[in-house]
Amino acid sequence: MEKKKILFVCLGNICRSPSAEAVLKGMAQKAGIADQLEIDSAGLSDFHAGEQADKRMQEHAIKRGYHLTSISRPVNPMKDFDYFDMIIGMDDQNIRELERLAEGSSAISRIFKMTDFCHDCNKDEVPDPYYGGDEGFELVLDLLEQACQGLIDFLKSNP
Ligand code: 4NP
């Protein structure tokens, strides 16, 4: 069976989307579906291209057992919008920008918002933690864990 290819997207690709990548990889491993997925992340800016994930984000993630190993790269619409089956943004601004980049192409139908997969999140975005404190990073991980559980349920029922 062909792998389902999933791209997580945020602004900088150093906080939310690399965390989403690591959380889904970890949870898919536990759910026994890791070999069915190809998971990557990218940013809508190139501000941090070539950098490791934000140190604060790494420290919060490691406490929950997630190693953030990805290196920031910008979204490449020419390649990524053809290649990935699901393109998942973190907030409304990400979705607007992805939809603008995908305008007129079939990729529009493959754009999703992360919180759409939450069964019970009480939030409709994964907020940018970059300029805030510890609680913002914890909130990102709480929301990503809930959304990834919903995403795994979705993937199981839409193989
Ligand atoms: P991310 O967070 O989009 O979750 O990676 C941010 C990281 C950096 C910046 C903004 C958001 N920045 O403005 O540099």
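Modeller: Here it is, and please keep in mind that this is a predicted model.

Biologist: Okay, and which residues surround the ligand?

Modeller: The ligand is surrounded by C10, L11, G12, N13, I14, C15 and R16, together with F47, H48, D128, Y130 and Y131.

Biologist: Which polar backbone atoms are there around an oxygen atom of the ligand?

Modeller: A polar backbone atom of G12 lies 2.8 Å from an oxygen atom of the ligand, and a polar backbone atom of C15 lies 2.9 Å from a ligand oxygen. For N13, the distance from a polar backbone atom to an oxygen atom of the ligand is 3.2 Å.

Biologist: How much of the ligand does the protein bury?

Modeller: Taken alone, the ligand exposes 360 Å², and the protein buries 94% of that.

Biologist: And where does the ligand sit?

Modeller: The ligand sits in the largest pocket of the model.

Biologist: Switching topic to the cysteines, how many disulfides does a search of the whole structure find?

Modeller: A search of the whole structure finds one disulfide, and C118 and C121 are the two cysteines that form it, with their sulfur atoms 1.9 Å apart. In general terms, a disulfide is a covalent bond between the sulfur atoms of two cysteines.

Biologist: Is the link of C118 and C121 left-handed or right-handed?

Modeller: The link of C118 and C121 is left-handed, with -60 degrees about the S-S bond.

Biologist: Are C118 and C121 buried or exposed?

Modeller: Both C118 and C121 are buried in this model.

Biologist: What about C15, how far away is the nearest cysteine sulfur?

Modeller: C15 is in no disulfide, and the nearest cysteine sulfur, which belongs to C10, is 7.0 Å away. C15 counts as buried because its relative accessibility is 5%, and buried means under 20%.

Biologist: And C148, which cysteine sulfur is nearest to that one?

Modeller: For C148 the nearest cysteine sulfur is that of C118, at 9.1 Å, and C148 is in no disulfide. C148 is also buried, with a relative accessible area of 0%.

Key
Residues numbered from 1 in each chain as written. Predicted model: local features only at pLDDT ≥ 70, side-chain atom pairs only at ≥ 80, totals over all residues. Heavy atoms only, no water. Near = heavy atom within 4 Å. Polar contact = N/O pair within 3.5 Å; in protein donor to acceptor, adjacent residues only side chain to side chain. Areas by Shrake-Rupley, 256 points an atom, 1.4 Å probe, with all protein chains shown as cover. 1 Å grid on protein atoms, 1.4 Å probe; cavity = no way out; pocket = protein on both sides within 12 Å on 5 of 7 lines; lining within 4 Å. Sits in = over half its atoms within 2 Å of the grid points. Disulfide = S-S within 2.5 Å. Buried < 20%, exposed > 50% of the residue type's maximum accessible area, 1.4 Å probe, protein only.
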